[in-house]
Amino acid sequence: YHFNRGEKRPVLLAFEDGFHGDTFGAMSVSGLSVYNGPFEDFFLKVERLPIPTAENLQQILAWLENRLKTKDIACFVYEPLVQGAAAMKMHKAEHLQPLLALLQKEGVVTVADEVMTGFGKTGKYFASLHMETKPDIICLSKALTAGLLPMAATSCTQQIYDAFYSDELGKGFFHGHTYTANPLACTAARAALQLLRSDEIQRDIDRIVNSHRNFASEIGSHSRVANVRQCGVILALDLDVSMERYGNLRDRLYKHFMDNGVFLRPLGNTIYILAPYVITEQQLTTVYDSIRTALDLF
């Protein structure tokens, strides 16, 4: 995009502890070295921001305003509202919004990675809809086909699109893929989107959000719980115990859930629920009960 506009912007911007995938560009903007360590010598140049909070927002904005003067930052890649692989770290829309507005004002392309948060997870169709400033590019996958078949989609604004629409062959976007627009995956995606927009699934989303809210209110005062947080159908709690991300204690916790017929995958001491929208109240109760018993055991 910037090349076609005659600009040189070699630096990428991303949040600390983000995760965006396993190709080299995606690994470059990911901040979790546990996944990327062997490849770090080959990464693109990336600078990182902490996730914005009420306490640090003004400091981040001041740093950004000064940093953007050099006009060398190409884009900002971010997981809006929830950082999944970082153990469901959450930030608020009112803290992310001013960052996005400033970056777009200075010509930085904003790239929302909604592979995890998209299609209803945060209570809206997309997490980006919680902010006034919408992304220039949005990356989608996973729930796009309801998990039935692998498919991803990248959407962009008209301004981004127009930068590649040219009679000059060299300005075209050649990075397509062999399985682009696979007909089976496209059919699954159309069906998944139709279901997502249905009244039934929207009611299910609201039901899960309310059930999570009630459970969070109950469990938050437990002596073994350090923190509880919720964004839409995503519920996460941190155990008040030191635990390696993939260590022995975490594995015992995982086995506890599996032995109780519940597939929960803890990230270190973080237990999170990201249930399918068709889960029943009885099944949700089973999930909650398995967490209650885990608190007594661990």
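Biologist: What covers the buried residues of α3?

Modeller: Their cover includes β1 (11-15), β2 (46-49), β3 (73-78) and α4 (93-105), judged by contact (heavy atoms within 4.5 Å). Helices (H or I, at least four residues) and strands (E, at least two) are DSSP runs, numbered from the N terminus. This is a predicted model: local features need pLDDT of at least 70, side-chain atom pairs pLDDT 80 or more, while totals for chains, interfaces and linings use all residues. Residues are numbered from 1 along each chain as its sequence is written, and side-chain values use heavy atoms, without hydrogens and water.

Biologist: Which residues of helix α3 are buried?

Modeller: In α3 (residues 57-67) they are L57, I60, L61, L64 and R67. Buried means under 20% relative accessible area, exposed over 50%, and partly exposed in between (1.4 Å probe, protein chains only).

Biologist: Why do you say that these residues line one face of the helix?

Modeller: Seen down the axis of α3, they fall within an arc of 130°, so they line one face; the arc is taken from the directions from the helix axis to the C-beta atoms. The face turned away from the buried side carries the exposed Q58, Q59 and N66.

Biologist: And why does G172 count as partly exposed?

Modeller: Its relative accessibility is 26%, and partly exposed covers values between the buried and exposed limits, so G172 belongs there. G172 sits in the loop between α5 (158-162) and α6 (183-196).

Biologist: How far apart are G172 and P38?

Modeller: They are 134 residues apart in sequence and 33 Å apart in space, C-alpha to C-alpha.
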